[in-house]
Amino acid sequence: MKRFRRHGQESHRDRIKQELYQFNKTVEHGFPHQPSALGFSPSLQLLAIGTRSGAIKLYGAPGVEFMGLHDENAAVTQIHFLPHLVELVTLLDDNSLHMWTLKAHKGVSELLEIGRFTLTGPPGAPPSVTRVTAVLAHSSGELLLLGTEGGHVFVVEVPGFRELEERNISLEIVTHSIPEEYGGRRSLEHVESLQENPANPQQVLIGYGRGLMVIWDLDCQSAVKHILATQPLESVWWTEDGLRVLSSHSDGSYCRWSVAGLDTQSEQEKSEVPYGHFPCKAISKVIQLPTKQGPPFLLFSGGMPRASYGDRHCITVIHSKTHVALDFTSRIIDFFVIRDGPDQAGEPSALVVLVEEELVVIDLQTEGWPVIQTPYLVPLHCSAITCSHHVSAIPLKLWERVLSAGALQNTHYSKKPWPITGGLNLSPDPPQRDLLLTGHEDGTVRFWDASGVCLYPMYKLSTAGVFHTDADPNDNMNQCTEGEWPPFRKVGCFDPYSDDPRLGIQKIHLCKYSGYLTVAGTAGQILVLELNDESAEQAVEATVADLLQGQEGFRWKGHTRLEVREEPVLFPPGFQPFALVQCQPPAVVTALTLHSEWKLVAFGTSHGFGLYDYQQKNNVLVRCTLNPSDQLAMEGPLSRVKSIKKSLRQSFRRIRRSRVSLRKHHVNNAAKLQDANARLEAELAEMELAPVQRKIEARSSDDSFTGLVRTLYFADTFLSDSSHNTPSLWAGTNGGSVFAYQLRLPSVERRAEDLVTAHPAKEIQLMHRAPVVAILVMDGHGSPLPEPLEVAHDLARSPDMQGSHHLLVISEEQFKVFTLPKVSAKMKLKLTAIDGSRVRRVGVAWFGSSCSEDYGESGLTVLTNQGDLHVVSLPGVKMQVHHPCIRREDVSGIASCVFTKHGQGFYLISPSEFERFSLSARCVVEPRSLVEVPHQTPTSLSRAQPDGASEYRYEQPERASKNHLCNNMKTALTGGKALSNGGDFHICSVSIVKEECNDGE
Amino acid sequence: MNVLSLYGAEFRRFSVDRFKPGKFEEFYKLIMHVHRIANMEVMIGYADVHGDLLPINNDDNFCKAVSTAHPLLRVFIQRQEEVDYSSYGTHSLTRKKKAVVTLRNDVNRKRPHIRIGMPQDFRPVSSIIDVDILPESHRRVRLYRHGSDKPLGFYIRDGTSVRVTPHGLEKVPGIFISRMVPGGLAESTGLLAVNDEVLEVNGIEVTGKTLDQVTDMMIANSHNLIVTVKPVNQRNNVVRASRISGSSGQSSDSSGSSGYPSLSTAAAPSAHGYPDELESDEESDIVIESSLKRPSRRSNASVASVASNASRSHAQAPPPAPVDSPGPPPRPPSVVSTVSFHSQPSLNSLSNHGSLSYKLHRDLNLQHSQYQHHSSHPALRESNGSLHKILSTMRTDPRHSLALPRGGVEEDGTVITL
């Protein structure tokens, strides 16, 4: 009976757990790491980016996002949308072609892989024969032309990927059709480019690597015309009227050819090396677009003078008299131009450039061609991210003030709306305003709107102005001197070079109610900032906090303190610094917290911690936590360099030794050499296989960095007696120590005059000595104490002060609950002893039930060093759920994780991308978007088709593809890793395919 | 000094009935009486067959001492305070050597001596546990770190182990002991050796866990570390209790042939037993509370810190100086008494030894069956612990197994677990 009842309770708890917790990786924010291909569908208004790791991402209107991942871990080299369809074809590095589609499912589109294909040549042919170098998705939507390294063009029916052998354009036929004197017997080389005549879909231009271009008629299966260029070909562009062809070449020239006449050989109208005289680099892509009145737009990438500007990444835009060389900070992957009008046949409106580190969109219709701010794909890493901080449920007032401060910074952006508008964003409006703050290596803090699917930049704060730095602030790279040639213009914001690494931001804390912000950096600097809507000129008052407290015998070998500007500095509207604390020694700040009600900031480094009163601008408390025998903490970061040097020296020595042993043998013949090589290899292998061993030793107080302050916490609780609650400060160290200080605050009216005092109240030494990662006080109801000012703003119920409070100390190994005020252990949860994982990140979150509106529980969100996420209940510290989330090898991913107050979180999956995940069943932010099949307008002259054709075509290829899949077991597996919206829909896709198979039979 | 103390010894010779040795208390009183030292705290020790100085402080080891006498038993009596001086140990060693010479004929056989502390010095350092539920090829070792200033002192590494699976032999990654720190706790117990495969840490299997995870688990459990290993050297295994007592069917199930898979089932109940045990053994955190408002709190605080230290101090070596004798105590003449026994010639020491080991195993079984009640029987526990200790030092200390070649037994990195 008893057993039965317990079982009932268990299942009840299980149901509640299901209602509270649900793990999803929802969306990736930021810019894809290592993009390798760009595609655009004018009809769908969707942009596609492929990456070197085999991912493809589709973006439309803000909020419309799709993601897919190829099974092969190969780079995506080309992406082609099938014209007027929802399918797209990707070409991978491993020569495989993949067909993807956007399929509506329950009102939401999903990106699914529906087929794959690898070109098979005649038996015995070298692989180069079928190595695809150029792809043309024919406007009929039924044909794919594949140009190969061997010079052949294969024709394939899509979406079923059926080879139409009889329509292939072999190199031999082409060679016969050109004049004998051109090239003689030399190979035409690979197919560099395939272009369809915009005015006549039956004509296709084949450009060969050596320079020859042939216009091929698909109907009569013969060459119509040839263009004999003499320079190796880089790209081909067919003008919209179909009368001219532009070709760009590897010597930095481009040529215009007239193909209007009936001659088999076309004439060169113009040949130009735009940045000529001296040898130039290749022009990798050239396009020309007409305007209704006036001259066309000519755009090309590359072509810079090799010697002087060969390292620049430029796209040149020429329109009428305006000539600008847009100078990007990273390598150009590809670019395209968006045109106005329903058929994308109007005026060029925006230039979209994908460079290695960002996406830049330039407004071509506004004077000066300003940049349009991107609503997604923002380069998070314009300077390396060093820390992040999330603030949930921002009050509207603060939100608007931050937005307006940000708007003043963004005046140089174009006012035009975002030009890529495909798809419908169906995700509901975010329930609250969330802010993600990222600290960067260059001393900036960026504010992002993290409420919804798009991570949108709001405001950027720079702290560098407070200090004297090596860099000259007037060194503006955007200034271009008059008459400079080429006419460079810097665009993009990716700037990986930091002027001074000491400026790096390490910790951030923002009080959303008062607008006070504190940021701390690498050189022990702690700035307190206040939000001001007006610009102000003020000097920042600096206070030094000597954390050593007279400890003798230490020598700081690290960097020096930052030098503060004495004179008043003009700060723009936004967050303006008014107080500065500088730690001595200037070690990196490892813990930081702010209490806006008490107007106190607590900070800690590897040497100790301090408490700063930012109203009176003085130090209240400085405490050294250093262990006298801890030399490593004292010497600073530079001492690490020595050890690297040492290990390098050792490895060199090892290599030299093995070389010496090689020399001893008289290497006369190949056999001996081989023998020696084998021995060297074995030696190397042994070196690598030398077992990694780990010492099993209990932590002792003598370990290094035991004094490093890991966490700081303010609490109004019962520290010394159970009848009076007092303000308190808690600090936890790497050595498992907890220090508690009782704070005495003057009354509100005397706050400005009387001193704040701090008295040591308690010290706890955890016997397991594991680093303390978080400290939390729970009220009489067992819920965590609210944030400062939260109660004052009626956003949290006031904490229960009747029942006894409990202290929760979270170390890397254990969660331990103590009673207060008398500290005695009450209960604990051991993590490391049970499964060997250690707590890396922890956050307090509120989990609302997905079923009943008013039920919810507090819990701890925990990330371990194994990359697993756990939810631990409060106040009972019981493990609730756990999910593997990050690979355990991904140390930077684990270190970058930040939790929200509602059970979501972010971590870096690459230097430039945040993955968003959710542990909450109620609070999930994920893209939900729908892309509809484009309806063709009958006026589209070039692709005149009967009405309804698109409908028909949409149905047919789908069926065809499914039949194809049924026939081919290998391809049936392709649905395996298709991810849509980051969710787990791949199973769906497979099952759909199977269902269709059954129907067919 | 050596000579002095030797000369300072007093000798007595008396007889005790071999088959009814009686209680230790009685024996103690007898000694007191014989030496006329009734008001003195003394330690009683005896020289066993190996010439080691072993203590007599309870009925069990008194019985054992009596049973080993053939026919003479040398009993050493020392003042309690003296025993605590570490310098005195060397004297006792030299004396022990003398004892060997007098007691045993084969003088040539020189063996290294283990130093065995006096009884009140005894605290568990390590023990072999769960012998009856583990396969014979495995060994579960418990290392007690608390109170010891010795480092745990070993290293672990990744390696490859070969397991018997339903599909035949299979190579699987495993964790192995790679190095022992000389003078460390792990080395001094002699229960762990280089290339032993680590199978479990405190009842949790390590299969599928990374080296770092296992390291963290061991460190997190370092206050009371229980490692189950498959010793690389399978010749020192504890003889299975069930063979003699034939007690539990469970343990015969898990014997050798079926091998590893059954271990998990066998280990499961004991794994459940751990947490309670851990709670009682774990060192508590130190809390220092300083008074802020009322100075009277300070005393309270000191009590708190003392109380928390108390849990540790019980295991620590007792304070070096005795409270009642300030200053260097005069070196008193040590007392040596020799007891002769009336013995039956038919009863040799071997059979006695056998019965002893039988008793030991019975105790082990008892320990297992009463696992849940353990914390309520600390005395039983303690005696078992010391018995284990004796057992282990007698049988498994590799330094005593002279015939065993070290290394060379198996290929490095690969251990076959059957």
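This is a predicted model: local features need pLDDT of at least 70, side-chain atom pairs count only at pLDDT 80 or more; totals for chains, interfaces and linings use all residues.

Student: Which side chain does K270(A) meet in a salt bridge?
Tutor: That of E272(A), at 3.1 Å from N to O. E272(A) is partly exposed as well, at 29% relative accessibility.

Student: What about E157(A), what does its side chain pair with?
Tutor: R162(A), in a salt bridge of 3.5 Å. E157(A) has 31% relative accessibility, so it counts as partly exposed. R162(A) is partly exposed at 48%.

Student: How many salt bridges over all chains?
Tutor: The rule gives 37. Three of them cross the interface of chain B and chain A.

Student: Which residue of chain B does K816(A) bridge to?
Tutor: D285(B), with N and O 2.7 Å apart. K816(A) sits in strand β56 of chain A, and D285(B) lies in the loop between α10 and β12 of chain B.

Student: Are those two buried or exposed?
Tutor: K816(A) is buried, because its relative accessibility is 5%. D285(B) is buried at 8%.

Student: And what does R838(A) bridge to?
Tutor: D216(B), with the closest N and O atoms 3.2 Å apart. Both belong to a network of salt bridges that share partners, which also takes in R710(A), E812(A), E813(A) and R840(A).

Student: How much area do the two chains bury between them?
Tutor: About 3,600 Å², 50% of it on carbon and sulfur atoms. In residues, 45 from chain B are in contact with 40 from chain A. There are also 13 residue pairs in polar contact across the interface.

Student: Which element gives the largest share on the chain B side?
Tutor: α7(B), with nine residues. By class, that side has 19 nonpolar, 10 polar and 16 charged residues.

Student: New topic. How many residues are in the largest nonpolar core?
Tutor: It has 35. W730(A), L807(A), L808(A), F815(A) and L860(A) touch the most other members.

Student: Which strand gives the most to that core?
Tutor: β54(A), with seven residues. Others that supply at least two include β50, β53 and β59 of chain A.

Student: What does F815(A) contact beyond its sequence neighbours?
Tutor: Its contacts include L808(A), M827(A), V839(A), L860(A) and V877(A).

Student: What's in the second core?
Tutor: That separate core has 34 residues, among them L461(A), L527(A), V540(A) and L580(A).

Definitions and conventions:
Residues are numbered from 1 along each chain as its sequence is written. Chains are lettered from A and ligands numbered from 1 in the order in which they are written. Side-chain values use heavy atoms; hydrogens and water are left out. A nonpolar core is a set of buried Ala, Val, Leu, Ile, Met, Phe, Trp, Tyr and Cys residues joined through side-chain atoms within 4.5 Å. Buried means under 20% relative accessible area, exposed over 50%, partly exposed in between (1.4 Å probe, protein chains only). Helices (H or I, at least four residues) and strands (E, at least two) are DSSP runs, numbered from the N terminus. Contact means heavy atoms within 4.5 Å. Buried area is the accessible area (1.4 Å probe) that two parts lose on being put together, summed over both. A salt bridge is a side-chain nitrogen of Lys or Arg within 4 Å of a carboxyl oxygen of Asp or Glu. A polar contact is a pair of N or O atoms within 3.5 Å; within protein, one must be able to donate a hydrogen and the other to accept it, and residues adjacent in sequence count only if both atoms are side-chain atoms. Ala, Val, Leu, Ile, Met, Phe, Trp, Tyr, Cys and Pro count as nonpolar, Asp, Glu, Lys and Arg as charged, and the others, Gly among them, as polar. Lists of a residue's contacts leave out its neighbours within four places in sequence.
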